[in-house]
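Walk me through this structure, please. Start with a strand, then move on to its partner and to a pair of helices.

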Amino acid sequence: LNLKVLRSHLEDRFRVHEATSGPEALEIAAKVPLDVVVADQRMPDMTGVELLAELRTRRPDVAGIVLTGFADMPALESAINRAGAFRFLRKPWEPPQIIEALEQAIDHVVQRRTIERLVTLLAQRSDELRASLDQLEAQQQMLLHLERLGTIGKLTSGVTHDLRNLMVAFRA
């Protein structure tokens, strides 16, 4: 019943995938791109916190929201610390409350993914700049070497010219 009610409030705004147990949810998460997972703390086969903790190892970019009718502190601490839950909501929940939590979680996920992409792009650009700098330094060293060779050539030319002049002076 909770799944049907939740789906009816969310499917107009969000793409909803439904699972009746933790293992089923993990199967869906393995096949479908997800941003947020809403898990009931009391589900068959595993708790919502256990589901989110396992999901965090497989898909660390997905945000998790735990719904519970019980406000026990150990479950709350576990949800935050172990599962990295984005939000912990008590039942009975109100539709605007869960929609707001989902929108905030989606914004958070989008921001994290954007930051990760930017960091990756920055690392790539940094590597490219390092390679360009290395190439530029190598070309600079080659230019210095060529300049030295040019200077030696001019010096040699000058010495040869002076020696010819001396030889001409001795012949005469």
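**A covered strand and its surroundings**

Both faces of strand S2 are covered: Ala-63, Ile-65 and Leu-67 are buried on one side, and Gly-64, Val-66 and Thr-68 are buried on the other. Buried means under 20% relative accessible area, exposed over 50%, and partly exposed in between (1.4 Å probe, protein chains only). S2 spans residues 63-68, and six of its six residues are buried. Strands (E, at least two residues) and helices (H or I, at least four) are DSSP runs, numbered from the N terminus.

A word on the source. This is a predicted model, in which local features need pLDDT of at least 70 and side-chain atom pairs count only at pLDDT 80 or more, while totals for chains, interfaces and linings use all residues. Residues are numbered from 1 along each chain as its sequence is written, and side-chain values use heavy atoms, with hydrogens and water left out.

Now the partner strand. S1 (residues 36-40) pairs with S2 in the parallel sense, over five bridges. Two strands pair if DSSP finds at least two bridges between them. Val-36 has Ala-63 in S2 as its bridge partner. Ala-39 stands opposite Val-66 in S2. Four of the five residues of S1 are buried, so S1 is largely enclosed by the rest of the structure.

Is Asp-40 buried or exposed? Asp-40 is buried, with a relative accessible area of 19%. Beyond its neighbours within four places in sequence, Asp-40 is in contact with Asn-2, Thr-47, Gly-48, Leu-67 and Lys-91. Contact means heavy atoms within 4.5 Å. The C-alpha atoms of Asp-40 and Gly-69 are separated by 8.9 Å, and the two residues are 29 residues apart along the chain.

Turn to the helices. H1 (residues 2-10) packs with H5 (residues 95-171) at an angle of about 70°, their axes 10 Å apart. That makes H1 roughly perpendicular to H5. Axes are lines fitted to C-alpha atoms, for helices over the stretch in contact, and angles run from 0 to 180 degrees between N-to-C directions. Angles of 65 to 115 degrees count as roughly perpendicular, under 35 as roughly parallel, over 145 as roughly antiparallel and the rest as oblique.

Which residues meet? Leu-6, His-9 and Leu-10 in H1 meet Pro-95, Ile-98, Ile-99 and Leu-102 in H5.
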